[in-house]
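Me: Please pick one part of this model and go through it closely. Then carry on to the other parts worth a look.

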Amino acid sequence: MTGGFDTPRELGSTTTDVLAEATVRLAASGVPSPEYDAAELLAHVTGTSRPALRLAGEPTAEQLRAFWALVVRRAGREPLQHLTGTAAFRHEELAVGPGVFVPRPETELLAGWAVDRARDLVREGRVPVVADLCTGSGAIALSVVHEVPEAQVHAVELDEGAFGWASRNLAGSGVDLRQGDIATALSDLDGGVDVVVSNPPYIPMGAYASVTPEARDHDPAAALWAGEDGLTAIRVVEQVAARLLRPGGRVGCEHADAQGEVAPAVFAAAGRWAEVRDHPDLAGRPRYLTARLAR
Ligand SMILES: C[S@@+](CC[C@H](N)C(=O)[O-])C[C@H]1O[C@@H](n2cnc3c(N)ncnc32)[C@H](O)[C@@H]1O
C-alpha cells in the first residue's frame, strides 16, 4: 500500500476527527495543502461540497472506507484532481484523470486575458476568432467560448490521451477541436485569427528534480518537458502565432516563473512583434507574455 498506513478503523468517525487525522497524515507525506485536500476528498465521497461539510451529517462507515482509500492514494502523491475526477478552472469544472495535464490556477489569468481580448472585439462589432494551442483538457478554450459566446474558438492538441479528455470536455461547446501538431495545425485559418492563446510545455529537462511528484509522475510527459532550456515549444508558438494571426492580432503565452525575461525575448528577437510584455500570475510570479503582431 502507498502512503505508509493502514485504513484506520480505530480512528474517530466524526467529520471533525476524520478531517483532523487525515490532515496530519497528508501533511506527513508532504502534501502541500493537507487540510484543503482532506476536506475535498471527504466532500467528494459524501457527495457534498467542502464549505457544506460541517453542516452535513456524519460520514457512514462505507463513506469512511472510501475516504481513507483516497487519503492513502493522495498521501502517495496522486493529484487531488485525479482522485475527484474534476479540476476547477475559472467558471468551469473539467473532467481530468491519467493522460491529461491538470489545469492550474496560475493559467486562469492567461485565459482571462484571452477572454478580455475577445470581448474587446465583440465591443467593436466583430466576431472574434480565437485559437487555443496545446489545449490539453480544453480548459482555456472552454473558458473563452463560455465567457464570450460570440467568439469562434479553435483548439489544437497533439497527444491522443489528452485529445480524448478535451473531446469530452468540449463536446457540445461549439469549440472546433482538432488533433495535430501546432506547428502545422489550423493552416486554413492562416492570417485570420484575432487571438492566439497557449499554455505549452515549458519545463527544462534539467529541472526534473524540482518538479512535484504530482506533476512529474502523473501529468503526461508531453505536457511538461520542452528541451534543454524549456523554450522549445514557446519558439514554435511564436512562429505559429505569426502564421495564424491577422496583422495587429495578439498572442498570449504562458511560461515558467524563471522565464520572465527569456520567454518574451523569444518574441522580441523575432522582429515582428510590438508591445511584448510580461505579466504576473495570482502569486505575483512572472507567468505569461503577450504581444501584438506588428506587420
Ligand atoms: C502544459 S499542458 C497545457 C494544457 C492546457 N492548455 C492547460 O492550460 O491546462 C500542454 C499541452 O500541450 C500538448 N502539446 C505538446 N506539444 C504539442 C504540439 N506540438 N502540438 C499540440 N499539442 C502539444 C500536450 O500534450 C499538453 O496537453
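Reply: Start at the ligand, where one of its oxygen atoms is 2.8 Å from an N or O atom in the side chain of asparagine 199. This is a predicted model, in which local features need pLDDT of at least 70 and side-chain atom pairs count only at pLDDT 80 or more, while totals for chains, interfaces and linings use all residues. Residues are numbered from 1 along each chain as its sequence is written, and side-chain values use heavy atoms, with hydrogens and water left out.

The ligand has 17 residues around it, and those that come nearest are Cys134, Glu157, Asp181, Ile182 and Asn199. A residue counts as near a molecule or strand if one of its heavy atoms lies within 4 Å of it. Glutamate 157 places a polar side-chain atom 2.6 Å from an oxygen atom of the ligand. Cysteine 134 uses its backbone instead: an N or O atom there lies 2.8 Å from a nitrogen atom of the ligand. A polar contact is a pair of N or O atoms within 3.5 Å; within protein, one must be able to donate a hydrogen and the other to accept it, and residues adjacent in sequence count only if both atoms are side-chain atoms.

Next is serine 198, found in strand E6. Helices (H or I, at least four residues) and strands (E, at least two) are DSSP runs, numbered from the N terminus. Serine 198 counts as buried because its relative accessibility is 0%. Buried means under 20% relative accessible area, exposed means over 50%, and partly exposed is in between, using a 1.4 Å probe and protein chains only. A polar atom of the serine 198 side chain lies 3.0 Å from the backbone oxygen of leucine 133. Setting aside neighbours within four places in sequence, serine 198 is in contact with Leu110, Leu133, Cys134, Val237, Gly252, Cys253 and Glu254. Contact here means heavy atoms within 4.5 Å.

Threonine 135 is in the loop between E3 and helix H6 (139–147). At 7% relative accessibility, threonine 135 is buried. Not counting residues up to four places away in sequence, threonine 135 touches Ala141, Ala155, Val156, Glu157, Ala166 and Leu177. Of these, Glu157 has the polar side-chain atom 2.6 Å from a ligand oxygen.

At the other end of strand E3, proline 128 occupies the loop between helix H5 (108–123) and strand E3 (129–133). Proline 128 is buried, its relative accessible area being 0%. Glutamate 150 is 22 residues away along the chain, yet the C-alpha atoms of proline 128 and glutamate 150 are separated by 7.2 Å. Glu150 is one of the residues that proline 128 touches; the others are Ala118, Leu121, Val122, Ala151, Gln152 and Asp194, with residues up to four places away in sequence not counted.

Now the aromatic residues. The structure holds three aromatic pairs. Rings of Phe, Tyr and Trp (its six-membered ring) pair if their centres lie within 6.5 Å; planes under 30 degrees apart count as stacked, over 60 as edge-to-face and the rest as tilted. Phenylalanine 67 and tryptophan 68 form an edge-to-face pair because their ring centres are 5.2 Å apart and their planes are at 65°. Both phenylalanine 67 and tryptophan 68 are buried. Tyrosine 208 and tryptophan 225 are stacked, because their ring centres are 5.6 Å apart and their planes are at 25°. That pair links distant parts of the chain, 17 residues apart: tyrosine 208 is in the loop between strand E6 (193–198) and helix H8 (213–218), and tryptophan 225 is in the loop between helix H9 (221–224) and helix H10 (232–244). Tyrosine 208 is partly exposed at 44% relative accessibility, whereas tryptophan 225 is buried at 17%.

Most residues other than glycine have a negative phi. Arginine 77 has a positive phi, near 75°, and lies in the loop between H3 and H4. With a relative accessible area of 15%, arginine 77 is buried. Glutamate 275 also has a positive phi, near 50°, and belongs to strand E8 (residues 273–280). Its relative accessible area of 32% makes glutamate 275 partly exposed.
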